[in-house]
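Dear colleague,

I am passing on the structure below, followed by an account of what was found in it. Please keep it open beside this message as you read.

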Amino acid sequence: MRKIILIALVLFSGLLFSARLFYLQVYDSTSDSLYQNSAIKIMYDFPQRGYMFDRNGELLVSNQPSYDVMVIPRDVKELDTLEFCGLLKITKEDFKEILHKANVYSPRLPSVVLPQLNKADYASLSEKMYKYEGFYIQRRSLREYQVNHSANVMGYIAEVNNATIEKEPYYQMGELIGTAGVEKEYENVLRGRKGVKYIQKDRFNRDIGPYKDGVFDTLPVRGNDIQLTIDAALQKYGTDLMIHKRGGIVAIEPSTGEILALVSAPNYDPGLLVGRDRSKNFTKLWYDTISKPLYDRGLMGEYPPGSPFKTLTGLIALQDQVVGVDETINCPGGYYYNGRRLMKCHGAHGPTAMVHGIAQSCNTYFAALYRRSIDKYPTVQEGTDHWKAHLASFGLGDFLGYDLPSGKRGFIPDSKFYNKFYNYPKYKWFSTATISNSIGQGEISLTPIQMANFTATIANRGWYYTPHIIKNIKGPDTIPEPFKVKHHTTVEPKYFDPVVEGMAAVYKEGTASYIRIPGIEICGKTGTAENFTRIDGKRVQLTDHSIFVAFAPKDNPKIAIAVFVENGYWGSRWAGRIAGLMIEKYLKGEITRTDMEKYVLDGSLEDEYAKPYSGQPFPINR
Amino acid sequence: MTGSKNHVRFDWLIIFIYMALVSMGWVNIYSASLSDAAKGFFDFSQIYGKQMIWIGLSLILIIFVLAIESKFYERFASVIYIASLVSLLGLFVFGRTIAGTTAWYDFGGFSIQPSEFAKAATALALGKYVSDIQTDMKDLKNQVGAFIILALPVLLIIMQPDPGSVLVYAAFVFPLYREGLHGVYLLLGLFTIVIFVSTLAFGSIWVALGVLLIAGFIFFRRRKKRPNIIKYVLIAASCIALTFSVSYIFNNVFKQHHRDRFNIVLGKEVDSRGIGYNTHQSEIAISNGGWLGKGWTEGTQTKGNFVPEQHTDYIFSTVGEEWGFLGSMLVVLLFVGLIIRIIFKAEKQKTQFGRVYGYSVAAIIFIHFFVNIGMVTGVFPTVGIPLPFFSYGGSALWGFTILLFIFVKLDGANYHYT
């Protein structure tokens, strides 16, 4: 005992220290990362975000410097709170709340105290910052918009939220991230890469030089500039035309799928979402649930397509060979089935063939074609699914796959839908039941960009490129692969010619003959879609939507366009005029139909939009 | 043994471990004290440069210690001891006061701390006393004699005051126990230290409460064996008396600078950011090391000087951060190996003097190792004593070198007798 006690103690302490060291150094590795290291301060150097240009190289958005007051809660020393709050122009309570939140987020990572100081505030504050340990001013770059339109296309940047920070460790609290539009879609291209500096600190929190001589430091990489496919002048013109109206304009270059214009009305000035009033302005836009300025109607609005859909009904019938090009169908003023009128037509068109049918927008003709296409197959289910497959080849009924972060599928019903709808097989259903589809009413809904896309497809006589907004990423100098793939429809090119002729006839003899544009052969199709809303739980019909699709010139088309004006009544009244003006603007650069332009610019539908909120019964379609 | 009569065989293992520890110590001091002002390895204005001088001089010292006839140490043990006491006494006249402690003689450029040498002197004196034929450690008279030998330097050091160094004298319980001292003293010594330290760390009220609680608990557990309640009351009362007298002495007899010194040693004073700052920083540094460490001079906590006293008492945290688990374990194993080797050799000594001295050396190194690494790794509360051969400081290095190499010499001469 006397001989071994000291040896035992030595061995015991050896074991004790081994265990302790193992625990500290190997088992407990919580403090491994550089980010956890109290001796390393991480400083970020934010790069300039990439600029956006339009297709002609006109600058849409650049950057301006902005200054955020940041805090690292761990480093905050006692300070004269009152004086500091006075400098920041915030209340003491707010200040405490902000500090508390910052500390909850992380005591050692920077959080924003006050974002986006203007230059004057920055100047007065920066002199006194030295007094407040733990606080500093971080320079960032903010957007500076060169145009007051296209907010829906460009989108906006905003402070990154916690959910994103958890998913993407690149971002830290207070950093900006593209949250909508192109800013969101091309975030990785535009943002560049922030530079990081690791700074070794001593125990007094003083910088004593770069950590490991800066081997881990990185320089900021400037974001790539991008060129959009939109034409700023056209975009601006479309925005102006849509003032006091609601709806969307989508213009596509058929040969490339490039989106020339994407207008959503009402819109807002993108500059509203920059600077210290950002949150106030954003709240205002966000809570405008009546005119929904943040809602991109061109991409998100699902509307019954109305008569322009007849072109597709015609194409499908031709491909299915259920009608000859010159085969006439008699229109007695409606579509009759077993002596019962299933559908009214605006006038009795008499014997009608394809070109005339489109030009006059004859309901009877297309109802008949639709039934033939469906009834070609043994069952209505098969017929309906074939019909849907044709439409799917035009990119309808599903997301188009364009490069903007918002969108809707639209809806093309299939047999499954109707089986359920009509409770098949308990009850049978026939093509007569779904006959409204033939003229773009019924269950079908499309977004304006889908309409523009099928118009472009008709213009191309049977193929399309997925619409896209990116023209060029400077640097990689390429556009994403999906936009280089040509999609062919299930309808053969030869069947397109009669339909194109019909659309040309719309201007020559048909529903749009009074809105012709001299010198340009436009192919178009009017649409007037019934629509309903609910007021106090009751289904109430509103004034019809005014719809128009067109492309021009007829041969070698340069622009395909879909215009949608909510509650604008008949197709050529608003949408047709706007489409014509847009086409003229794009192709000629100037407007000859100034009468039409004046009509549109001076016109307002605000009274129409106010009707459902008046609380009174109101007349429609006037 | 073979060989000539004058042939002396030194234990090369001990010498090797010594060399290893000293050089590793320097490497880490270099890293811990590296600053922008440094101009290469041989910049003698820097801490690591000075340590290099101390190490160089240690080698000369070793030659001297080994050159002297081994009988000298036994014969002149008393003289050395008295000289050492005189050097401690002299401090009160000529000594230099640093941070409240009068523990140094100033020689222009450098200073000497006699208490570092007093350990070796005391070990020699104790060896000499115990090995006297008439001495029997079971005899109370002799126990008192040994106690006085220990008490004199302790008293002088406590008056400096240098509580850390005083603690080391507890080490002498081990050789005495080895030589027949009753085991109760071992416990008593331990008890006194625990009460002493915890009184200063936590305050006497808490210690008194703790004593009552423990006594009550043990009494309650043993109530069926009808324990003598008077014994319990007496022990508890004396413990409480001890804690209050320590507290009284500390608060009323000591001057402020004495108290400061105690507080520094107990880590209360330098604890600038609340309880446990030093230990916390030291733990962070060690944790940073991981398996293999961050590499020499790459420790972030070390570079940032986060750990106070890093080149002296907290040098092991640099080892932990820069050399990792493997490096730290190597140091721990070297110490364990060294101490066990010394005990092993001590047991083989032909003379009782050699054995007692060897045990003293082993126990002194052990206490330093145990308390220091325990403190740096956060196992024990802060008690500031250096890590032998490792920490920066000329006196400590020389003191330990002399302490160790006298034993190497005695051990080497041991074969001589056969």
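In this predicted model, A:Lys525 stands opposite A:Val549, a residue of strand 21 of chain A. Strand 21 (residues 538–552) runs antiparallel to strand 20 of chain A, and 12 bridges join the two. Both belong to an open sheet of five strands in chain A, whose order is 12-11-22-21-20 and whose pairing is antiparallel. At its edges are strand 12 (258–265) and strand 20 (523–535) of chain A, each of which pairs on one side only. From one strand to the next, the twist of this sheet averages 10°.

Two helices of chain A that pack on the sheet deserve a look. Helix 9 (residues 232–241) of chain A touches strand 11 (247–253) and strand 12, and its direction makes about 25° with that of strand 12 of chain A. Helix 17 (residues 448–459) of chain A touches strand 11, strand 21 and strand 22 (559–565), and its direction makes about 150° with that of strand 22 of chain A.

Helix 17 of chain A has 12 residues, and from its first C-alpha to its last it reaches 16 Å, close to the 16 Å expected at 1.5 Å a residue. Because 12 of its 12 residues are buried, helix 17 of chain A is largely enclosed by the rest of the structure; among these buried residues are A:Pro448, A:Gln450, A:Asn453, A:Phe454 and A:Ile458. After helix 17 of chain A comes A:Arg461, which has a positive phi, near 60°.

Turning to chain B, there are 17 helices and three strands in this chain, and buried residues make up 47% of its 418 residues. Of the contacts in chain B with a separation of 6 or more, 70% are between residues 24 or more positions apart.

The three strands of one open sheet in chain B lie in the order 1-2-3, with antiparallel pairing. Strand 1 (96–98) and strand 3 (110–112) of chain B stand at the edges with a single partner strand each, so one side of each is left without a neighbour in the sheet. On average, and with direction ignored, neighbouring strands of this sheet are turned by 55° against each other. Strand 1 of chain B is joined by three bridges to strand 2 (residues 101–107) of chain B, the two running antiparallel, and B:Arg96 stands opposite B:Trp104 in strand 2.

Helix 10 (residues 204–221) of chain B has 18 residues, which at 1.5 Å a residue should span 26 Å, and this agrees with the 25 Å between its end C-alpha atoms. Which residues of helix 10 of chain B are buried? They include B:Ser204, B:Val207, B:Ala208 and B:Val211, and since the buried residues fall within an arc of 100° when seen down the axis of helix 10 of chain B, they line one face of the helix. The face turned away from this buried side carries exposed residues, including B:Ile205, B:Leu213, B:Phe217 and B:Arg221.

Finally, a word on confidence. The predictor gives the complex an ipTM of 0.85 and a pTM of 0.62. Chain B has a mean pLDDT of 84, with 90% of its residues at 70 or more. The pLDDT is below 50 over residues 1–5 of chain B, a stretch that has two contacts in the model beyond near neighbours in sequence. It is also below 50 over residues 271–275 of chain B, where the stretch has four such contacts.

With kind regards

How values were computed
Residues are numbered from 1 along each chain as its sequence is written. Chains are lettered from A and ligands numbered from 1 in the order in which they are written. This is a predicted model: local features need pLDDT of at least 70, side-chain atom pairs count only at pLDDT 80 or more; totals for chains, interfaces and linings use all residues. Helices (H or I, at least four residues) and strands (E, at least two) are DSSP runs, numbered from the N terminus. The expected span of a helix is 1.5 Å times one less than its number of residues. A residue is buried if 20 or more other C-beta atoms lie within 10 Å of its own, exposed if 12 or fewer, and partly exposed in between; C-beta atoms are placed from the backbone. The arc is that of the directions from the helix axis to the C-beta atoms. Two strands pair if DSSP finds at least two bridges between them. Axes are lines fitted to C-alpha atoms, for helices over the stretch in contact, and angles run from 0 to 180 degrees between N-to-C directions. Two residues are in contact if their C-beta atoms, placed from the backbone, lie within 7 Å. pLDDT is the predictor's confidence in each residue, from 0 to 100.
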